[in-house]
Amino acid sequence: MASSSLLLASVVVAAMVSAVSCGPPKVPPGPNITASYGDKWLEARATWYGAAKGAGRKDNSGACGYKDVDKAPFLGMNSCGNDPIFKDGKGCGSCFEIKCSKPKACSDKPVLIHVTDMNDEPIAAYHFDLFGLAFGAMAKDGKDEELLKYVAGDGDVVEVEIKEKGSEEWKALKESWGAIWRIDIPKPLKGPFSVRVTTEGGEKIIAEDAIPDGWKADSVYKSNVQAK
C-alpha cells in the first residue's frame with residue numbers, strides 16, 4: 001500500500017451523521033470510548049493511504065466486503081476505521097463528518113466519509129485511515145496536494161529507517177498498514193532519532209533528530225522536510 005502520509009498525521013474532529021443509508025455501530029466499542037456520537041465533534045487522527053487521489057486499495061475493495069468503492073454511492077470518499085469505528089464489521093457503511101483546521105491547508109469544513117475498511121494499527125482512540133481522495137477533500141480549494149504532502153511522479157514511500165543519536169546504523173522499519181510503520185527490537189532504543197525515508201523514485205529524505213529524546217507514543221513530531 002502507498003504510504004505517502006507517513007510524515008503527516010492530521011488532527012481532525014469527527015461526528016456521526018444520521019442518514020437513512022448510514023447507521024452507527026450497533027454495539028458499544030469499549031470503556032471510555034463512546035459509540036453514541038450524535039452531533040458532538042470528537043477529536044480524532046487522520047492518515048491516508050493508496051493513490052493520492054484514489055480509493056485506497058488498488059482493487060477498490062476493503063474489509064467490509066464492498067466492491068468498487070470508487071464508484072457510487074461511495075465515490076472514493078471512504079476510510080478505514082479502528083475498533084470504535086469499524087467495530088468488527090458492525091460499523092461498515094457508517095457515515096461520519098470529518099474536518100481539520102491544521103495545517104494551514106485545512107479548510108475546517110466538514111466532509112462526509114463512509115467506513116468501508118478496517119484499521120488495525122491505530123495511532124489514536126479514533127483513527128481514520130482515509131483514502132487519498134477523502135483526505136484531500138478536507139483541504140481548501142486547490143490545496144489538496146499540499147495537505148497530502150504528495151509529489152507527483154516520485155512514487156510511494158517504500159522504505160523507512162531510523163537512527164539513534166550518535167549511531168551510524170540505520171534500522172529498517174516494517175510497514176504494518178497504510179501509513180503505519182513499526183520496528184520490532186529486543187531492547188528499547190534511545191532518542192533522539194533521525195528518520196530516513198526512501199521513495200519509489202529512489203529519493204532519500206532525511207529528517208535529523210525528528211523524534212526527540214523522551215518521545216511518547218501516539219504523538220506527532222514535525223520533521224520540517226519534504227520530498228522535492
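Modeller: Before we start, two strands count as paired here if DSSP finds at least two bridges between them. Strands themselves (E, at least two residues) and helices (H or I, at least four) are DSSP runs, numbered from the N terminus.

Colleague: Fine. What is the bridge partner of Glu 161 in β8?

Modeller: Ala 172 is the β8 residue bridged to Glu 161. One caution: this is a predicted model, where local features need pLDDT of at least 70 and side-chain atom pairs count only at pLDDT 80 or more, while totals for chains, interfaces and linings use all residues. Residues are numbered from 1 along each chain as its sequence is written, and side-chain values use heavy atoms, with hydrogens and water left out.

Colleague: Which strands form the open sheet, and in what order?

Modeller: Four strands, in the order β8-β7-β11-β12, with antiparallel pairing. In general, strands of a sheet pair through backbone hydrogen bonds, either parallel or antiparallel.

Colleague: How many bridges are there between β7 and β11?

Modeller: Seven, with β7 covering residues 157-164. One of the pairs there is Glu 164 with Phe 193 of β11. β11 (193-199) is then joined to β12 by five bridges, and Arg 196 faces Ile 206 of β12. β7 and β8 are linked by two bridges.

Colleague: Which strands stand at the edges?

Modeller: β8 (171-172) and β12 (204-211). Each has a single partner strand, so one side of each has no neighbour in the sheet.

Colleague: And which residue takes a positive phi in the hairpin of β7 and β8?

Modeller: Gly 166, with phi near 85°; that hairpin has six residues between its strands.

Colleague: Switching to cysteines. How many disulfides does the count come to?

Modeller: Two, taking a disulfide as a pair of cysteine sulfur atoms within 2.5 Å,. Cys 64 pairs with Cys 92 at a sulfur distance of 2.0 Å. Cys 100 pairs with Cys 106 at 2.1 Å.

Colleague: Where do Cys 64 and Cys 92 sit in the chain?

Modeller: Cys 64 is in the loop between β2 and β3 (78-81), and Cys 92 is in the loop between α1 and β4. They are 28 residues apart, so to speak linking distant parts of the chain.

Colleague: Is Cys 64 buried or exposed?

Modeller: Buried, at 18% relative accessible area. Buried means under 20%, exposed over 50%, and partly exposed in between (1.4 Å probe, protein chains only). Cys 92 comes out at 22%, which makes it partly exposed. Cys 100 and Cys 106 are both buried.

Colleague: What about the handedness of the link of Cys 64 and Cys 92?

Modeller: Left-handed, with -90° about the S-S bond. The link of Cys 100 and Cys 106 is left-handed as well, at -100°.

Colleague: Which residues does His 127 touch?

Modeller: Leaving out residues up to four places away in sequence, its contacts include Cys 80, Arg 45, Ile 85, Asn 119, Glu 121 and Ile 180. Contact here means heavy atoms within 4.5 Å. His 127 belongs to strand β6 and is buried, at 0% relative accessibility.

Colleague: Which side chain does His 127 join through a polar contact?

Modeller: Thr 47, at 2.8 Å. A polar contact is a pair of N or O atoms within 3.5 Å; within protein, one must be able to donate a hydrogen and the other to accept it, and residues adjacent in sequence count only if both atoms are side-chain atoms.

Colleague: Last topic: how many residues are in the largest nonpolar core?

Modeller: It has 26, and those with the most contacts inside it include Ile 98, Ile 113, Phe 128 and Leu 147. Elements giving it two or more residues include β2 (42-49), β4 (95-100) and α3 (144-148). β2 gives the largest share, four residues. A nonpolar core is a set of buried Ala, Val, Leu, Ile, Met, Phe, Trp, Tyr and Cys residues joined through side-chain atoms within 4.5 Å.

Colleague: And which residues are among the eleven of the other core?

Modeller: Ile 162, Leu 173, Phe 193 and Ala 210 are among them, and that core lies apart from the largest one.
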